Amino acid sequence: MNAVTYPKGTVKALSRSLRIYHGDNDRRVAMDRFYGAFLEPGDLAFDIGAHVGDRVSSFRRLGARVVALEPQPGPARIIRLIHRRDPLVTLVEAACGDHEGSIALRINSANPTVSTASAAFIGAATGAKGWEGQVWDHEITVPCTTLDRLIQRYGLPKLLKIDVEGFEAHVLAGLTRAVPVISFEFTTIQREVAEACLAVLETLGPYRYNVALGESQRLELPAPVGVEAMGSYLRSLPHAENSGDVYAVLHH
């Protein structure tokens with residue numbers, strides 16, 4: 001892995017992430033209530049793109065074992081510090097994609113939460129309303145693994161959460177078996193990525209879908225819907241909604 005020297009301001013950005021993602025008790029309560037519908041004590045959860053680990057902490061509060069992937073050294077260090085004495089948290093400092101090996105990661109030093117392995121994501125954000133001022137100013141090479149390899153090593157998770165800034169379809173391309181619950185982030189600047197994710201999931205099993213907008217910690221639809229209805233919903237969202245997460249639940 002490349003030696004990393006972040007530009008000035010990254011420490012401040014990570015401190016801001018810690019306050020936002022770990023410092024709000026009401027947010028923690030809402031998150032635990034939300035994920036408690038999907039996880040029980042003893043379940044295994046994968047957090048792909050863990051950032052500073054707020055979901056990791058929530059999954060552990062719910063009693064789940066966690067495998068967290070975070071390729072950025074700064075956020076990974078924070079996860080290590082928070083969970084270093086917890087044997088039920090495994091941190092893998094790698095990206096996840098459709099191949100084993102390595103990959104270039106573009107770092108947004110002022111806003112590390114949107115660092116990405118997707119050049120298309122950066123292209124879509126450039127000039128887009130609501131994304132003004134975002135700059136990916138640093139590049140590192142990081143290890144890359146696949147979901148199939150992670151499952152082979154750690155077991156099949158009950159919940160697979162993916163939040164990798166436009167690289168979600170590449171992550172799902174490395175998965176060949178159905179997982180009971182899968183969430184993936186979408187953005188309104190790259191709706192085609194969400195469509196690609198839905199297409200992959202449809203090859204894996206009979207999923208039904210719902211969606212949470214932004215960081216609302218609540219599902220928007222009164223009941224899960226099929227893939228066509230989910231696609232239509234995402235296409236109809238106004239640009240200003242910006243982002244959210246699709247939740248796919250396997251139905252037998």
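His-51 counts as buried, because its relative accessibility is 8%, below the 20% limit for that class. The model in which this residue is described is a predicted one. His-51 is found in the loop between strand S1 (44-48) and helix H3, and its phi is positive, about 55°, although it is not a glycine.

**A second residue with positive phi**

- Glu-165 is not a glycine, yet its phi is positive at about 55°.
- The loop between strand S7 (159-162) and helix H7 (168-172) holds Glu-165.
- Glu-165 counts as buried because its relative accessibility is 5%.

**The largest pocket**

- The space in the largest pocket amounts to about 750 Å³.
- Its lining is made up of 42 residues, and the closest to the centre are Thr-113, Val-114, Asp-163, Glu-165 and Glu-185.
- At least two lining residues come from each of helix H3 (54-61), strand S4 (95-96), S8 and S10.
- Strand S10 supplies the largest share of the lining, with four residues.
- By type, the lining comprises 18 nonpolar, 15 polar and nine charged residues.

**Helix H9**

- Helix H9 spans residues 227-236, and its buried residues are Met-230, Gly-231, Tyr-233 and Leu-234.
- These residues lie on the same side of H9, because they cover an arc of only 160° around the axis.
- Exposed residues Glu-228 and Ser-236 are carried on the face of H9 turned away from its buried side.
- The buried residues of H9 pack against strand S8 (181-187), helix H8 (191-204), strand S9 (207-213) and strand S10 (243-250).

Terms used
Residues numbered from 1 in each chain as written. Predicted model: local features only at pLDDT ≥ 70, side-chain atom pairs only at ≥ 80, totals over all residues. Heavy atoms only, no water. Buried < 20%, exposed > 50% of the residue type's maximum accessible area, 1.4 Å probe, protein only. Arc of directions from axis to C-beta. Contact = heavy atoms within 4.5 Å. 1 Å grid on protein atoms, 1.4 Å probe; cavity = no way out; pocket = protein on both sides within 12 Å on 5 of 7 lines; lining within 4 Å. Points joined across faces, edges and corners; volume = space filled by probe spheres on them. Nonpolar A, V, L, I, M, F, W, Y, C, P; charged D, E, K, R; others polar.
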